[in-house]
Amino acid sequence: MPESFHGRIPAALMLTGAVVLVLLQAVVVVGEFPASLTLERAFPVNNQVELGELRNRDGLRHRRILQQQDGNPDVVDFRVQGTYDPYRVGLYYTKVQLGSPPKDYYVQIDTGSDVLWVSCTPCNGCPTSSGLQIPMDFYDPSSSSTSSVISCSDQRCSQASRSSDSGCNNKQCSYTFQYGDGSGTSGYYVSDYMHLNTIGLDSATSNSSANVVFGCSTSQSGDLTKTDRAVEGIFGFGQNGLSIISQLSSQGIAPDSFSHCLVGSGSGGGILVIGQILDPDMVFTPLVQSQPHYNVNLQSISVNGQTLPIDPSTFAISDNQGGTIIDSGTTLAYLAEAAYTPFVDAITQSVSQSVQPLISKGNRCYLITSSVSSIFPTVSLNFAGGASMRLRPQDYLLQQNSVNGAEVWCIGFQTISNQGITILGDLVLKDKIIVYDLGGQRIGWADYDCSSSVNVSSTSRGGRSEVVNAGQFNAGTSLQITRYELTAVFILASILHLAMTIGGFSL
């Protein structure tokens with residue numbers, strides 16, 4: 001121990017000093033603090049200090065620590081319902097709580113659009129009942145004490161124009177959305193509280209709220225008006241500044257990432273969290289920059305390990321057209337035209353000795369008398385960065401019906417004429433963890449049983465890890481996270497603080 005340090009501590013406290021030095025070294029190792037620390041006297045050297053006073057002083061320090069931790073974004077979780085199966089539901093949806101007092105609204109999970117909107121009163125063409133057996137309760141801005149209409153002069157209105165055809169109607173910031181299936185909605189933007197189920201330090205669950213901007217739909221058309229699978233709105237998870245992900249992240253309430261794991265079997269359901277689900281088998285591919293959707297660079301397709309003869313330019317973006325999009329709002333999957341025929345031909349050729357091919361309603365189908373998994377090949381979608389997405393037969397085939405005891409399975413991949421676009425919808429995304437890391441501008445995935453629990457991590461903007469997950473979440477229980485990395489440092493720092501205060505010094 002250096003002589004200058006001996007001179008500042010009474011001989012009776014040399015043992016305490018040794019302990020302090022050991023603790024200092026431990027903190028340096030765990031927390032990567034500087035090797036030298038400047039110490040200041042908290043109390044006069046020769047004065048005795050009551051233990052209660054020390055405890056009170058430590059308590060103030062601990063509250064400051066916890067306040068700093070509470071500034072970190074928490075994980076937000078949503079319960080998922082629905083299924084990819086187009087013969088049953090054909091979509092996944094969740095519940096959001098809006099307004100004061102809070103009310104429940106069931107909305108489709110859609111990574112292909114940006115904005116959250118719900119049906120409002122009054123509404124032209126909005127369904128009042130649903131075959132999904134969910135209550136249809138329209139949002140009424142006048143019944144919420146915290147609601148306010150977004151004016152045309154509000155800067156958030158100009159931000160909204162990047163996500164929709166926005167305008168000004170009666171001094172209200174209005175919008176119009178048109179979707180790929182021909183349906184559409186229009187209305188105006190409001191600001192109100194969104195109530196969140198968050199998981200923070202030591203796996204503590206809590207209910208918090210945030211003021212967010214969302215759409216108030218006053219008119220709907222097309223498939224949105226049908227009652228068979230009607231929901232009360234759409235929850236857009238895009239990257240635009242008006243998406244809920246961006247709004248919560250910019251307020252420091254939630255991470256700039258989200259994940260879902262959609263159950264493909266049984267009654268469906270799954271997991272949706274704002275945060276990153278962790279898995280050791282996770283692979284990532286970069287997002288294509290400056291695109292309005294979650295575009296990734298698909299480079300090739302393999303069937304049974306054999307790369308198909310498809311020109312890589314088939315999957316490229318040209319004049320902001322084409323490319324490959326990850327979209328949870330799409331039920332099936334779609335291949336660019338130049339890739340569709342080689343894909344279907346390769347599948348058919350590989351099973352030609354085992355099944356009877358047939359055409360049903362213009363779709364390539366197969367009559368099967370044994371397990372589909374034992375007959376059909378594995379398909380790999382190969383992306384930039386060396387990441388591959390493995391597709392089981394159930395990820396590219398759909399069972400349609402049965403004929404004389406034989407099952408009819410059809411190619412679930414479709415094609416959009418003259419579009420040159422590839423869209424990976426729920427047929428492909430189910431039974432996989434899908435991570436949208438907006439801070440890192442990448443998308444990751446791993447095969448997973450989505451009815452099982454998961455580990456989740458929360459990271460702050462810029463990629464600095466503030467929360468390390470050690471917990472579980474599934475459809476029936478709560479998510480748990482623990483900041484074990486930082487907690488170790490705080491425990492050591494508290495012990496160090498107590499030991500040095502007894503010796504007459506304080507950090």
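Student: Are C120 and C216 buried or exposed?

Tutor: Both C120 and C216 are buried (under 20% relative accessible area; exposed is over 50%, partly exposed in between; 1.4 Å probe, protein chains only). This is a predicted model, where local features need pLDDT of at least 70 and side-chain atom pairs pLDDT 80 or more, while totals for chains, interfaces and linings use all residues. Residues are numbered from 1 along each chain as its sequence is written, and side-chain values use heavy atoms, without hydrogens or water.

Student: How many disulfides does a search of the whole structure find?

Tutor: A disulfide is a covalent bond between the sulfur atoms of two cysteines; here the cut-off is sulfur atoms within 2.5 Å. The search finds six. In one of them, the sulfur atoms of C120 and C216 are 1.8 Å apart.

Student: Why is the disulfide of C120 and C216 called left-handed?

Tutor: Its S-S torsion is about -135 degrees, so it is left-handed. For C152 and C168 the torsion is about 100 degrees, so that disulfide is right-handed. C152 sits in the loop between strand 5 (148–149) and helix 4 (155–160), and C168 in strand 6 (residues 167–169), so the bond ties together parts 16 residues apart in sequence.

Student: How accessible is C152, and how accessible is C168?

Tutor: C152 is partly exposed, at 27% relative accessible area, whereas C168 reaches 52% and counts as exposed.

Definitions and conventions: Helices (H or I, at least four residues) and strands (E, at least two) are DSSP runs, numbered from the N terminus.
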